[in-house]
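Please look over the structure shown below.

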Amino acid sequence: MSNSKGVFITGTDTEVGKPLVSGALLLKLCRQGINTTGFKPVVAVIYLNAHGKTQTEDLETLRIASNLKSNALNLCPYVLDQPAAPHLVAAQQGLALETRVLINAFKRIQNKADFVVVDGVGGFLVPLNDKED
């Protein structure tokens, strides 16, 4: 939908409750009958689920709270293997975090929803690469 709306949730640092706020907002919007989903530009894998697959609390929160169901990979274009500064972990994994990829992934999700809640990465100005925050 080209008229879709959204909000970007950020904070001053990691571990300040961005996923909690994002999930609560998603639940509220869903209860109002709004087709909504979450989006996480970059996330770190935190644990293995009961089926031995890697998951993150952030993506699980967004997936569960959204009423437009999709698998977690549709909600996040970059899944890193360690919870640390994204640009550093990406470099260790041989990845380049590109805003073009983030924007394209966001647009794909935006076209399926009336409202998108974007759960930001780390703090407000966390580096994605050598040139962009």
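Two residues are in contact when heavy atoms of theirs lie within 4.5 Å. The model is predicted, so local features need pLDDT of at least 70 and side-chain atom pairs count only at pLDDT 80 or more, while totals for chains, interfaces and linings use all residues. Residues are numbered from 1 along each chain as its sequence is written, and side-chain values use heavy atoms, with hydrogens and water left out.

Q: Leaving aside its neighbours within four places in sequence, with which residues is Thr-37 in contact?
A: Thr-37 belongs to strand 2, residues 36-39. Helices (H or I, at least four residues) and strands (E, at least two) are DSSP runs, numbered from the N terminus. Beyond its neighbours within four places in sequence, the contacts of Thr-37 are Leu-26, Ser-66, Leu-68, Leu-75, Ile-109, Ala-113, Phe-115, Val-116 and Val-117.

Q: Is Thr-37 buried or exposed?
A: A residue is buried under 20% relative accessible area, exposed over 50% and partly exposed in between, with a 1.4 Å probe and protein chains only. The relative accessible area of Thr-37 is 4%, so Thr-37 is buried.

Q: Which side chain does a polar contact join to that of Thr-37?
A: A polar contact is a pair of N or O atoms within 3.5 Å; within protein, one must be able to donate a hydrogen and the other to accept it, and residues adjacent in sequence count only if both atoms are side-chain atoms. At 3.4 Å, the side chain joined to Thr-37 is that of Ser-66.

Q: Which residues of strand 2 are buried on each side?
A: In a regular strand the side chains alternate between the two faces of the sheet. Both faces of strand 2 are covered. One side holds Thr-36 and Gly-38, and the other holds Thr-37 and Phe-39.

Q: In strand 7, which residue is the bridge partner of Phe-39?
A: Two strands pair if DSSP finds at least two bridges between them. Strand 2 and strand 7 run parallel and are joined by 4 bridges. Within strand 7, the partner of Phe-39 is Val-118.

Q: How far apart are the closest N and O atoms of Lys-40 and Asp-58 in their salt bridge?
A: A salt bridge places a side-chain nitrogen of Lys or Arg within 4 Å of a carboxyl oxygen of Asp or Glu. By this rule there are 4 salt bridges. For Lys-40 and Asp-58, the closest N and O atoms are separated by 3.1 Å.

Q: In which element does Asp-119 lie?
A: Lys-40 also forms a salt bridge with Asp-119, with the closest N and O atoms 3.5 Å apart. This pair links distant parts of the chain, 79 residues apart: Lys-40 is in the loop between strand 2 and strand 3, whereas Asp-119 is in strand 7.

Q: Why does Lys-40 count as buried, and what is its relative accessibility?
A: Asp-58 is partly exposed because its relative accessibility is 22%, and Asp-119 is buried because its value is 0%. Lys-40 counts as buried because its relative accessibility is 4%.

Q: By what turn of helix are Glu-60 and Arg-63 separated in helix 2?
A: The side chains of Glu-60 and Arg-63 meet in a salt bridge of 2.7 Å, N to O. Since the two residues are 3 residues apart in helix 2, their separation is about one helical turn.

Q: How many disulfides does a search of the whole structure find?
A: A disulfide is a pair of cysteine sulfur atoms within 2.5 Å. The sulfur of Cys-76 is 19 Å from the closest cysteine sulfur, in Cys-30, and is therefore too far for a bond. The number of disulfides found in the whole structure is 0.
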